[in-house]
Amino acid sequence: MNALLTTLPEWQALRAHWHLMRGSTLKQFFVDEPQRGERLAVEGAGLYLDYSKNLVTDETLRLLFGLARARGVEQRRDAMFRGDRINETEKRAVLHVALRAPRNAYIEVDGRNVVPDVHEVLDRMAAFSDRVRSGEWKGHSGKPIRNVISIGIGGSDLGPVMAYEALRDYSRRDMTFRFVSNVDPADFVEATRDLDAEETLFIICSKTFTTLETLTNAHAARDWCLQKLGGDAKAIAKHFVAVSTNRKEVEKFGIDTENMFGFWDWVGGRYSMDSAIGLSTMIAIGPDAFRDMLAGFHAMDLHFKDTTAERNLPMLMGLLSVWYNDFFGAQTVAVLPYAQYLKRFPAYLQQLTMESNGKHVTLAGKRVDYDTGPIYWGEPGTNGQHSFYQLIHQGTRLIPCDFIGFCQSLNPLGDQHDLLMANVFAQSEALAFGKTLEQVRAEGTPAWLAPHRVCEGNRPSNTILCERLTPYSLGTLVALYEHSVFVQGAIWNIDSFDQWGVELGKQLAAKVIPQLRDTNAKLDHDSSTNALIRRYRKWASQRA
Ligand code: F6P
């Protein structure tokens, strides 16, 4: 494991292989093997992955699996499931898989089985959710709760928002769910402006309970509540609950720890949507549906843990990502869900993938000499087709795409779902096989225009199909990406579970804040930063 990745024979074999197959085309692959589309497809935990439209041969796959073996990916995976402290820089276990383990599972951290702790919190969340959903939990003035506002940021926000949007069809339609994350006051003000405080519950989500944005918004929420509810501090107990690992800070903020739902340092923020951080999800869809979602996560965990590499979805997706990132020099991966309900899925994945694998040193602290985490981005289809797909089809960059589609609609409306899914299949086909100059000319296109209409094809993609968007299938999908990220990080030998890179900006902001408040404070930054602060002071002081 300490051998440098690029010096490994398996890596060099891949490099040599890449040189040899660089001119290969997807078109030719399919001509050579008409059944390729059926053979290069795998199924796991209810997801069907077609990876045939990738720039790979059997030899490529053999070499990629060889690389995974040389990097000990499976051993590393087993270490994660065992509860070893694989987050080495923070000296923590990485056990989001324990959050969805069944009651009878046994997963040990420091000699303690953590599974009963997980279920104790889940049971408390369920009891609380039921009380809120049934109207038994009353606000300070005796009214039932109709509005739930989850306040958090990063992993304490993106998962809950994404899950709420994804599972809206399963949610209580007579309740309002909103999410406040940005320290920009517009976020809080817009989220609360039309709500009745007497019917509003705030869930303050923060693993550390020290995050500037979240604490600032939580204080704004408390002030808003007190002002609307006649200033009685006792109201807080009825309108605020906390989700955190930090009991002391929760107490300090003034939330009764009876109303706190805990989790543990072995749950990374970006891996926490299935912990108590998902309390808003549970209130929205109910405890049973939440447990279905956990079952989906768990099904993918078992698939990842127990399935041979060659048929293992996260393993395949992770290795394909390494293939494009490190050998083809692809900078990004586009995630294209053909489901409006998944509109926040790409944003959620951005934190999961980029906070995890955006690292420049190995576990041993050595500068890597290969590219690590690609940039993940995307939008739901078909909307993206009418904006950025042009570049994917005809631009000069290679952008591997993940298409995600569901075979049954939650909103049957004429044949609209067929129209939606026809576009999934058409897009991946167009990207792979394109349109030649001859084909364009044969359509009668004038010679001068023909080159503009050529699509070179050979643009790779995965297609992930699922029967239906349900809490269960959402769980499988998220776990698929979690584990794909894991595979990539294991190949690159980086710590996919820390996030030191976000610290510097936080420190510098803490220094700038008082300099904005006190306009006489001496500025000792670089000349650009000093000038920007001066300009801000000048224009801010002119506000009416
Ligand atoms: O700043 C990054 C980060 O630490 C994320 O990793 C985390 O998900 C987010 O901030 C929120 O942190 P917390 O849950 O502690 O408020």
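User: Contact here means heavy atoms within 4.5 Å. Which residues does Ile 283 touch, leaving out those up to four places away in sequence?

Analyst: The model is a predicted one. Residues up to four places from Ile 283 in sequence are not counted. The partners of Ile 283 are then Phe 128, Ser 129, Val 132, Arg 133, Val 148, Arg 172, Met 175, Phe 177, Leu 201 and Ile 203.

User: How many residues are in the largest nonpolar core?

Analyst: Ile 283 is among the residues with the most contacts inside this core. Others in that group include Trp 266, Phe 345 and Tyr 481. The largest nonpolar core has 131 residues.

User: Are H14 and H20 parallel or oblique to each other?

Analyst: H14 covers residues 313–327. Its axis lies 8 Å from that of H20, at an angle of about 50°. An angle under 35 degrees would count as roughly parallel, and 65 to 115 as roughly perpendicular. H14 and H20 are therefore oblique.

User: How many charged residues does the contact of H14 with H20 have?

Analyst: H14 passes H20 in a right-handed crossing. Met 317 and Val 322 are among the H14 residues that meet H20, whose side includes Tyr 481 and Val 487. By class, the contact has eleven nonpolar and six polar residues, and the number charged is one.

User: Is the crossing of H21 and H22 left-handed or right-handed?

Analyst: The axes of H21 (residues 503–517) and H22 (residues 527–541) come within 10 Å and cross at roughly 40°. The two helices are therefore oblique to each other. As H21 passes H22, the crossing is right-handed.

User: Which residues of H22 make the contact with H21?

Analyst: H21 brings Val 512, Gln 515 and Leu 516. By class, the contact has four nonpolar, one polar and one charged residues. On the H22 side are Ile 533, Tyr 536 and Arg 537.

User: Is Ala 93 buried or exposed?

Analyst: Ala 93 sits in the loop between helix H5 (73–82) and strand E3 (108–109). Beyond four places in sequence, Ala 93 touches Gly 83, Asp 84, Arg 85 and Trp 266. Buried means under 20% relative accessible area. Ala 93 has 4% relative accessibility, so it counts as buried.

Definitions and conventions: Residues numbered from 1 in each chain as written. Predicted model: local features only at pLDDT ≥ 70, side-chain atom pairs only at ≥ 80, totals over all residues. Heavy atoms only, no water. Axes fitted to C-alpha atoms, helices over the stretch in contact; angles between N-to-C directions. Helix = DSSP H or I, 4+ residues; strand = E, 2+ residues; numbered from the N terminus. Parallel < 35°, antiparallel > 145°, perpendicular 65-115°, else oblique. Left-handed = near helix turned anticlockwise from the far one by under 90°. Nonpolar A, V, L, I, M, F, W, Y, C, P; charged D, E, K, R; others polar. Buried < 20%, exposed > 50% of the residue type's maximum accessible area, 1.4 Å probe, protein only. Core = buried A, V, L, I, M, F, W, Y, C linked by side-chain atoms within 4.5 Å.
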